[in-house]
Amino acid sequence: LSLSPAFPPVPPPSVLKAATAVLSTSAAPLQKLLLKLVANLLHCNPSLQSSLSPPDIYAVLNSTSSLDTLGLREYAVLAVKAICEDEGNARLVEELRAQAVEDSESMKRAGVKAEMGEDGKVKMVKR
């Protein structure tokens with residue numbers, strides 16, 4: 001009797017590093033696929049979560065700032081959630097502060113804009 005594993009083998013960290021390196025510089029369709037790949041690779045995978053370096057984390061976080069497509073935001077949230085399951089990564093993300101805000105097309109259509117206070121907190125206000 002031969003039993004096959006319930007899940008395919010975990011890819012090496014180099015696959016994740018390559019995906020995050022290309023994530024912030026790629027065109028939108030490739031960026032979407034890479035974000036899904038990163039979110040799924042990191043999910044419940046402590047060894048890959050702990051293998052991330054700050055530039056990898058920043059690439060994932062930066063990719064989330066330009067997403068207006070329904071469905072991709074969810075993958076971005078899942079990727080960030082998985083990143084933060086590692087305590088070191090969670091501290092790094094916690095220390096980040098907003099530096100500027102940008103209005104997106106979807107925010108303009110909704111009649112709201114983002115404003116950043118002196119404390120660095122971002123809030124949404126009606127136009």
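Is Lys108 buried, partly exposed or exposed? Select Lys108: at 43% relative accessibility, the residue counts as partly exposed. Bear in mind throughout that this is a predicted model.

**Stop 1**

Glu105 is partly exposed, with a relative accessible area of 48%.

**Stop 2: two further salt bridges**

The structure holds three salt bridges. For another, select Lys81 and Glu85. Their closest N and O atoms are 3.7 Å apart. Lys81 counts as exposed at 51% relative accessibility, because the cut-off for exposed is over 50%. Glu85, with a relative accessible area of 40%, is partly exposed.

Now go to Lys113 and Glu115. This salt bridge has its closest N and O atoms 3.6 Å apart. Lys113 has a relative accessible area of 30% and is partly exposed. Glu115 is partly exposed too, with 31%.

**Stop 3: the hairpin**

Show residues 112-116 as strand S1 and residues 122-126 as strand S2. The two strands pair in the antiparallel sense over five bridges. Pick Val112 and look across: its bridge partner in S2 is Lys126. S1 and S2 form a hairpin, with five residues between them. Select Gly120 in the turn; its phi is positive, about 90°.

**Stop 4**

Which residues make the nonpolar surface patch of about 200 Å²? Select Val101, Met116 and Val122. Val122 is found in strand S2. Val122 counts as partly exposed, at 43% relative accessibility.

**Stop 4: the nonpolar core**

Turn to the inside. In soluble globular proteins, nonpolar side chains tend to be buried together. Here the largest nonpolar core has 19 residues. Select Leu16, Val38, Leu42, Leu52, Ile57, Val60 and Ile83, which have the most contacts inside this core.

Key. Residues numbered from 1 in each chain as written. Predicted model: local features only at pLDDT ≥ 70, side-chain atom pairs only at ≥ 80, totals over all residues. Heavy atoms only, no water. Pairing = 2+ DSSP bridges. Helix = DSSP H or I, 4+ residues; strand = E, 2+ residues; numbered from the N terminus. Core = buried A, V, L, I, M, F, W, Y, C linked by side-chain atoms within 4.5 Å. Buried < 20%, exposed > 50% of the residue type's maximum accessible area, 1.4 Å probe, protein only. Patch = residues over 30% accessible without salt bridge, like charges linked within 9 Å, V, L, I, M, F, W, Y side chains within 5 Å. Areas by Shrake-Rupley, 256 points an atom, 1.4 Å probe, with all protein chains shown as cover. Salt bridge = Lys/Arg side-chain N within 4 Å of Asp/Glu carboxyl O.
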